[in-house]
Amino acid sequence: MNKFAEIALPIPVFQNYTYIVPEPFQHVICPGFRVLVPLGKRKMTGYVIEVKNECTRTDLKDIHDLVDPEPVVSEELIKLAHWISDYYLCPLGEVIKAMLPGGINLESKTYLQLIKPETEVRLYINARRAPRQEKILLLLLKQNRISMSQLRKKFYGSNLSTAVMQLKKAGLVQLEVSVPSALAKPKLETYIKLSPLTINKISFETIHQQLTNSALVQANALRVLFEKGETSLKQLLKETGTSSSTINTLVKKGYVEKFRKEVFRSYFKNGSIKSPKKVILNEYQTRAIYHIDQAIESGNYKTFLLHGVTGSGKTQVYIESIKKILATKKTAIVLVPEISLTPQTVSRFTSNFPGQVAVLHSRMSPGERYDSWRKLKQGKFKIAIGPRSAIFAPMDNIGLIVVDEEHEASYKQYDNQPLYHARDVAVYRGTLNESVVVLGSATPSLESYHNSKVQKYHLLELPTRIDEIPMPEVSIIDMLKQRKRYPGQDVSILSKDLQLKIKEKLELGQQIILLQNRRGFSTHIKCKDCGFIEKCEHCEITLTYHAKGSLLKCHYCGFTKRAPDKCPECSGSEILFRGIGTQKVEKNLYQLFPEARVVRMDLDTTSRKWAHHTILNDFGAGKYDILLGTQMVAKGLDFQNVTLVGVISADTSLLLPDFRSTERTFQLLTQVAGRAGRKNLLGEVYIQTYSSDNPGLKFAKQHDFKSFFFDEIPMRKDLTYPPFGRLVYILFKGEEEKKVEKAANLFSSNIQFPNELGNIFGPEASPLSKIKDKHRYQIILKIDKSKDPAGNIVRYYLKEALSKYKSGKQIRGVKITIDIDPISLL
């Protein structure tokens, strides 16, 4: 009897495919298996969603092979994938692909290869006016061979197939198809152990004595092995200072054996695990833990919002709750913003739960991430810690999910499908597992705090710092008044008040953290004579000046060019460097405080592996006086000697044209202020701004989240913004602006929902109208949640619009992205 498998493929198509299950696989295949299947001329990895005994179609193809000996996706994760696919309007196969570690899927690739010498290629280019063919050939002259998928990314929607076929017809290129091996696979190393001949102590001593008399180096290696039992060849050679030939001689004599053993690759360096510090819980922590324990004991789903001021001991609440979960033989997931995933954070958990914590991190190599993922799946680790993708940890019997700093925008996936929010996925995964979910923050998102007010979440509060440490004193510095008060003095970057305070702290031997949430030296350069501003050639955005190398860089596409000595437009020689980046602040600090030891932490200084951690460790060890950085310095840091935090410009995020700009600024300022005065020394915070009357700044000065919430929430309600409304952001992008605009208008005409449901804004050019040579248009839907609480109605109409658009005459070269519950509208 035939069996059939419904397969989800990681392609942008809203349908699954049915294949015949060959007889050898019929007794093992089940949902969750990865399989290699044909799709047209390609072969690719798919995921088994369902196995059935009947199918009416007769034109089906066979599954080629099983990729793994067992399922890699549990039934629970398949259910979660279905929900994400439905809620975020993303094909099921793309969701499952996002759940798995990168580099493990197999897919045939088509490569384009140059087969003629450069002279013939140049002749062909000169003889024809074919810009697309010319660009492809010039690219192949540089690298000889390129995959078609890479080519499509470079020349998206530009009649690529026609150009390739013409080049093939001319005999200049050829197409090759191959299935490369997976990038991520278990790592095997050569190990050495004693053979049965020498493992006995008596026989070992006899052989060792013989070798001591005739081959001392071999005898020493044998002694080390006897003491260790087994060790890696690499370690043995290092310890004994011997060579591979010595070990090979021992193998030939039958004294030792070589074998291959899998080794675990860990991102965080192996070091001694310190015993956790003894902690005395305060009454608020004890009360919060009690409520969480009660929920755990009930065995039912419940979500808590843990609202605790900075330094109130939220992490210890998580740790005590995890202890309770492990005692019930269940597992836990802890999500932290990637920016906060430091050794300092991880060590809090590893010291309390040695040998039970696996870390998942985007900076891991594919092999490191694959190893952590497999160990979690095998049940060898009981706790998974990581950023947003860790919510897909392949764990069974999940009892607790923690989302630390739940307000963080980085929990929202923004660049690749599915465009999910890890916090919301965590809550839904909690319902699937009947587990407890804890969302923690000193500055909760307005949506989450509102959910606690309407009893969707249960609110727990930690209103004071541990050990009764006072909150830092915050001063708002009006930069307009500073300029008037100190005419002729340079107070444009550091106000006089902040300068004096930095000097005071340096003299006391205390440390300082300074925040400027813009990297580079100047945000743009401008000609004083004609007003010309340098913009990116590929994006509708100004270029940022970087002092190192005197470069202009685009922070969206990476385009780089030398900064001009004179204006490209009028040849004027006076170039103004406008705006303040971290490099300019760093230069100003060295000018004002030449003896200070300053370290800068931004994307430019932390691009290498471990750079981020090295800077923090050195600062914690007292090697630097001042830590200057972007928002990297605002989260999750706990340094006892930091008594001053300075915010160079609170207006950086405050003035963005986004309804969440005030909320984000309040959160960032409150979080960075919390880095000061964490122990016995009183903390101080200086916030510089040109908008001193802004309510968000006033509430940040008082560390008063509740007043901020009640001040901001009426505006949200009046304008039907979240949490009272649901937003949908639809983005259209492509190389030809007219096509993009046409596609946006066509799609908009297909959206036909009742007027009382909400409003449609656009289509119109996006605020960032061009990025990476792609023109961008947008449509924004604002839906009244009281009319559509779960979003089912708007998703129905969006699916209808998408179906109509795709069934009609499509506009080639335009990509459509639908973002449900977007974090940013820029």
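The structure is a predicted model, in which local features need pLDDT of at least 70 and side-chain atom pairs count only at pLDDT 80 or more, while totals for chains, interfaces and linings use all residues. Residues are numbered from 1 along each chain as its sequence is written, and side-chain values use heavy atoms, with hydrogens and water left out.

The account begins with pairs of packed helices. Helices (H or I, at least four residues) and strands (E, at least two) are DSSP runs numbered from the N terminus. Helix H3 (residues 118-127) packs against helix H4 (residues 131-143) at an angle of about 165°, and their axes are 10 Å apart. Here axes are lines fitted to C-alpha atoms, for helices over the stretch in contact, and angles run from 0 to 180 degrees between N-to-C directions. The angle therefore makes H3 roughly antiparallel to H4; angles under 35 degrees count as roughly parallel, over 145 as roughly antiparallel, 65 to 115 as roughly perpendicular and the rest as oblique. H3 and H4 cross in a left-handed manner, a crossing being left-handed if the near helix is turned anticlockwise from the far one by less than a right angle, and right-handed if clockwise. On the H3 side, Glu118, Val121, Arg122, Tyr124 and Ile125 meet Gln133, Glu134, Leu137, Leu138 and Leu141 of H4, where contact means heavy atoms within 4.5 Å. The contact of H3 with H4 comprises six nonpolar residues, one polar and three charged. In this classification Ala, Val, Leu, Ile, Met, Phe, Trp, Tyr, Cys and Pro count as nonpolar, Asp, Glu, Lys and Arg as charged, and the others, Gly among them, as polar.

Val217, Gln218 and Ala221 of H8 make the contact with Thr246, Ile247, Thr249 and Leu250 of H10.

In another pair, the axes of helix H25 (residues 737-750) and helix H26 (residues 792-807) are 8 Å apart, and the helices pack at an angle of about 130°. H25 is therefore oblique to H26. The crossing of H25 past H26 is right-handed. Ala743, Leu746, Phe747 and Asn750 of H25 make the contact with Ala801, Leu802, Lys804 and Tyr805 of H26. By class, the contact of H25 with H26 has six nonpolar residues, one polar and one charged.

Lys329, in the loop between helix H12 (314-327) and strand S13 (331-335), has phi near 65°, a positive value in a residue other than glycine. The peptide bond from Gln417 to Pro418 is cis, with omega near -5°, and Pro418 belongs to the loop between strand S16 (398-404) and H15. Helix H15 spans residues 422-433 and contains Asp424. Not counting residues up to four places away in sequence, Asp424 touches Trp83 and Tyr88. A further cis peptide bond runs from Pro722 to Pro723, with omega near 15°; Pro723 is in the loop between helix H24 (705-718) and strand S30 (725-734).

On a 1 Å grid over the protein atoms alone, a cavity is a set of points where a 1.4 Å probe fits but cannot get out, and lining residues have an atom within 4 Å of a point. Grid points are joined across faces, edges and corners, and a volume is the space filled by probe spheres set on the points. The model has four cavities of 30 Å³ or more.

The largest cavity holds about 60 Å³ of space. Its lining includes Leu515, Gln516, Asn517 and Val647. Helix H21 (651-654) and helix H22 (661-673) are the elements that give two or more residues to this lining, and H22 gives the most, with three residues. The lining of the largest cavity has five nonpolar, six polar and no charged residues.

The second largest cavity holds about 50 Å³. Among the residues lining the second largest cavity are Phe532, Glu534, Pro564 and Cys567. Strand S21 (residues 524-527) gives the most to this lining, with three residues. Eight nonpolar, no polar and two charged residues line the second largest cavity.

Conventions: 1 Å grid on protein atoms, 1.4 Å probe; cavity = no way out; pocket = protein on both sides within 12 Å on 5 of 7 lines; lining within 4 Å.
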